[in-house]
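Subject: Structure handover

Hi,

Here is the structure we talked about. Please open it first, then read my notes below.

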Amino acid sequence: SFPAAVTYSKPRLATFWQYAKVELVPPTPAEIPKAIDSMKAMVKSFQSGHLAQLTVKEALRNGLVATEVLMWFYIGEIIGRGSLIGYNV
Amino acid sequence: MVPPVQVSPLIKFARYSALLVGMLYGKTRYDYLKPIAAEERKRENEEKKKREELERIAKELAEASEDSILK
């Protein structure tokens, strides 16, 4: 029933919104140079052989983050082609 | 409730750039595939019409040349 679904989802939606407001917002213009600096630092540490000090736990965590970023690409593709599954040509 | 985590600017930037690139890729690939599919459908329709025409002719010939005392 619809009212029951609404009653169930309202507080959960509120919780989601509370987290999303902080964690899913796009970067502010001020954060973009910080992001570029982090990227440069990452490249430098990769070149300096810090890779040998990387723990398996850190590597797995980084892999997980990279996978999540990759998934955003596919979400973008869904939006760009205008359909959930396949191209409706 | 666990306090929300402060996401690093690099990750935010990477996520939304990936989203943007994905949208552009989806749009351009769709625009590329659309005329190709339309062309394919047009060709299919033409060939189907030709085939049906040939089948019709073959059927009429078959009916005409059929010898049967039942007709």
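In chain A, where is confidence lowest, and where is it highest? It is lowest in helix 2 (residues 31-47) of chain A, at a mean of 92. It is highest in helix 3 (residues 56-81) of chain A, at 96. Keep in mind that this is a predicted model.

Confidence overall

Chain A has a mean pLDDT of 93, and 100% of its residues reach 70 or more. For chain B the average is 92, with 99% of the residues scoring at least 70. For the complex, the predictor gives an ipTM of 0.85 and a pTM of 0.80.

Helix 2 of chain A

After helix 2 of chain A comes Gly49(A). The phi of Gly49(A) is positive, near 80 degrees.

Where the chains meet

Chain B puts 29 residues into the contact, and chain A puts in 30. Together they bury about 2800 Å². Carbon and sulfur atoms give 74% of that area. Look for Leu10(B), Arg15(B) and Tyr16(B). These three supply 22% of the area that chain B buries against chain A, more than any other three residues.

There are also 9 residue pairs in polar contact between chain B and chain A. On the side of chain B that touches chain A, 20 residues are nonpolar, 3 are polar and 6 are charged.

Salt bridges

Side chains of opposite charge can pair when their charged atoms come close. Over all chains, the count is 8 salt bridges. How many are found across the interface of chain B and chain A? The rule finds 2 there.

- Glu68(A) pairs with Arg15(B), with the closest N and O atoms 3.0 Å apart. This pair crosses between chains, from helix 3 of chain A to helix 1 (residues 9-65) of chain B.
- Lys12(B) and Glu31(A) meet through their side chains, at 3.2 Å from N to O.

Best wishes

Notes
Residues numbered from 1 in each chain as written. Chains lettered and ligands numbered in written order. Heavy atoms only, no water. pLDDT = per-residue confidence, 0-100. Helix = DSSP H or I, 4+ residues; strand = E, 2+ residues; numbered from the N terminus. Contact = heavy atoms within 4.5 Å. Buried area = accessible area lost by both parts, 1.4 Å probe. Salt bridge = Lys/Arg side-chain N within 4 Å of Asp/Glu carboxyl O. Polar contact = N/O pair within 3.5 Å; in protein donor to acceptor, adjacent residues only side chain to side chain. Nonpolar A, V, L, I, M, F, W, Y, C, P; charged D, E, K, R; others polar.
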